[in-house]
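Subject: A structure for you to explore

Hi there,

Here is the structure I promised to pass on. Have a look at it first, and then read my notes below.

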Amino acid sequence: MAALEEEFTLSSVVLGAGPDGLLGVEHSDKTDQFLVTDSGRTVILYKLSDQKTLGSWSVKQGQIITCPAVCNFQTGEYIVVHDNKVLRIWNSEDVNLDKVFKATLSAEVYRIHSIQGTEPLVLFKEGAVRGLEALLAEPQQKIETVISNEEVIKMYCMFLIIFFHGNYFAYVQTFHSRVLSKYTLLLGQEEKVVIQSFTASVDRKFISLMSLSSDGCIHETLIPIRPTDPEKNQRVVRSLLLKAVVSGNARNGVALTVLDQDHVAVLGSPLPASKECISIWNIKFQTLQISKELPQGTSGQLWYYGENLFMLHGKFLTVIPYKCEVSSLAGALGKLKHSQDPGTHVTPHFVNWETSQGCGLGCQNSEQSRRILRRRKVEVNLQPEVPPSKQLLLTIKKDSEKHIEVELRKFLAMKQTPDFHAIIGDIVTGLLERCKAEPSFCPRNCLIQLIQTHVLSYSLCPGLMEVALQKTDVQLLQLCLQQFPDIPESVTCACLKLFLSIGDDCLQETDVNMESVSDYSGTAQDEKMEEQTKILQNGFNPKEDNCSNCDQELNEKPQDTTKETISCPVIPKRAALLNAILHSAYSETFLLPHLKDIPAQHITLFLQYLYFLYLKCSENATMTLPGIHPPTLNQIMDWICLLLDANFTVVVMIPEAKRLLINLYKFVKSQISVYSELNKIEVSFRELQKLNQEKNNRGLYSIEVLELF
């Protein structure tokens, strides 16, 4: 559980907060002292325990502080930047900032980052970072440009820089090795969602980057501290941690900060019409621990140090002490029972629930327990280290889907080994075995991440597409068709059957990759051809009983045909799935028998779509379709021939396919005519080539006019 204690105001003096609030709140070198920088000219030093002001410093009239003041923990001095480039350093005994140390830098400063145990680091707006000592030794040194002018820094935390330019990117810089790595933050299917707040924490191997989006959801991205390829722009994917923690249209913005490994604090309105609140959420169990209303409103800014939350409540800086216990399921659900016998000692309100409570507070066996604990630690240290892949396989057998997904992302972020493809195959096999043993277990996100590693094949995990077909998971099947080079023809036909038979309503709710589909398929299937709505008795019309009538119909100017075939016969998502079939590899000999098992109405629909694609190809001189990786003309023609070869006798008997077959017949007839003319031209070009050869042999110059037609 977590608790928010009674709030208090640091000072009755109204801070000069601008429209964006304060510039920052930073810890001093003393335990309970904090530097507060307003958005105007003033830096104030507060003592938290006494709730009073220890000092206040201001720059001259006409100057403005552009970077929050920080403390140099090595010297106890304070540092601030005003007017973007002017750096000031002073101590608590100084009174006038105009008379303290001054250094004018060659580039504009974004932030100064100071942590205990190391010198302060200066981040410039161009993305470069310098140590304070190196910068003071040569203030006018040239600062390189790391990010372009169009890119805007959104957050700076420890050695992580987040900036925005169309997409969100992260720079990770380790200052000891000066290695700079770039990562692209993939937002998944929420491209229209805007990230409103970032926060980060670090362990030994990963940076956990959390983001609060405009839809009120919190996502996590794991970024490795030691990248596999520092020179390459790498991609990392977000995973959902919490849903709808705040309203997306908060009046003054929202803020997010990590309190510990299990808790986050969120500032914002839980509902669109409600007042702003400060809330603590348990991300391990995805539960709201406590919330406190802030009726006077905030600036959408939140800081925390120690066990205190800082925010601008109304016009005053407010501090709210908080407590977070070690997470347990009972605590998260609020089912802890506090029972106490008369005469016993009072148990503290905040308890570590992972420790044994049987001995009480005055346990006499504490020394023996410590010996046992030390012995256990020695035994654990002597055990051989389990490889990460085996640890992950053990996790897959017993843990929850959420925990498996987190561990899988950590594993994929590690450096790849030579047997990486075999390990990925074992992981998929482990997931599928548990999926078959537990019908409720369906790790879709894990399987999608594994397919996107580009090392899997059908032969490495044959059960994957089988499970996807059973669960009608068209997104998973589409990814497999795009990634696997060795899918059997029987499985390809099974996917085709599913793609043609699944309802439009089901498809609208699914997430499908639409890269291969451009705006040519924007019309839905309900805009069917007018000719197909006419019902014919057994596909026979007495007026068309002879071939001459058919030829007459073929020779008519197709005024209505253009109107009929201009709309796509399938919805865009179905078109994307069918395009994945067109791109798949196959052998005609093994594919034809399976195509005969597809129902006639589905064959007709597929032929109509293929014919529509052909018409779209014919609209431009290059004979190509718009979009990324669209089907080629050869693929379209090959599949039309395959479907007709396998099902011609069946299609001929379907009334709905009559117009389509007539159009295909006209298409073949026009192709024959085109190729006939091309053959004539080819003969002429051959004669021309002979003349050119004779002319070259003579070595003479001449002008010749050839009349081809």
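Let's begin with the largest cavity: by class, its lining has seven nonpolar, no polar and three charged residues. (Ala, Val, Leu, Ile, Met, Phe, Trp, Tyr, Cys and Pro count as nonpolar, Asp, Glu, Lys and Arg as charged, and the others, Gly among them, as polar.) Among the lining residues are Cys435, Pro443, Arg444, Lys471 and Asp473. Helix H7 (444-451) and H8 each give two or more residues to that lining. A cavity is a set of points on a 1 Å grid over the protein atoms alone where a 1.4 Å probe fits but cannot get out, and lining residues have an atom within 4 Å of a point.

Before you go on, please note that this is a predicted model: local features need pLDDT of at least 70, side-chain atom pairs count only at pLDDT 80 or more, and totals for chains, interfaces and linings use all residues. Residues are numbered from 1 along each chain as its sequence is written, and side-chain values use heavy atoms, leaving out hydrogens and water.

Next, Ser239. Is Ser239 buried or exposed? Ser239 is buried, with a relative accessible area of 2% (buried means under 20%, exposed over 50%, with a 1.4 Å probe and protein chains only). Its side chain is joined to that of Arg409 by a polar contact of 2.6 Å, meaning a pair of N or O atoms within 3.5 Å, one able to donate a hydrogen and the other to accept it.

Finally, the buried residues of H10 include Val491, Cys495 and Phe499.

Happy exploring!

Note on methods: Helices (H or I, at least four residues) and strands (E, at least two) are DSSP runs, numbered from the N terminus. On a 1 Å grid over the protein atoms alone, a cavity is a set of points where a 1.4 Å probe fits but cannot get out, and a pocket is an open set with protein on both sides within 12 Å along at least five of seven lines; lining residues have an atom within 4 Å of a point.
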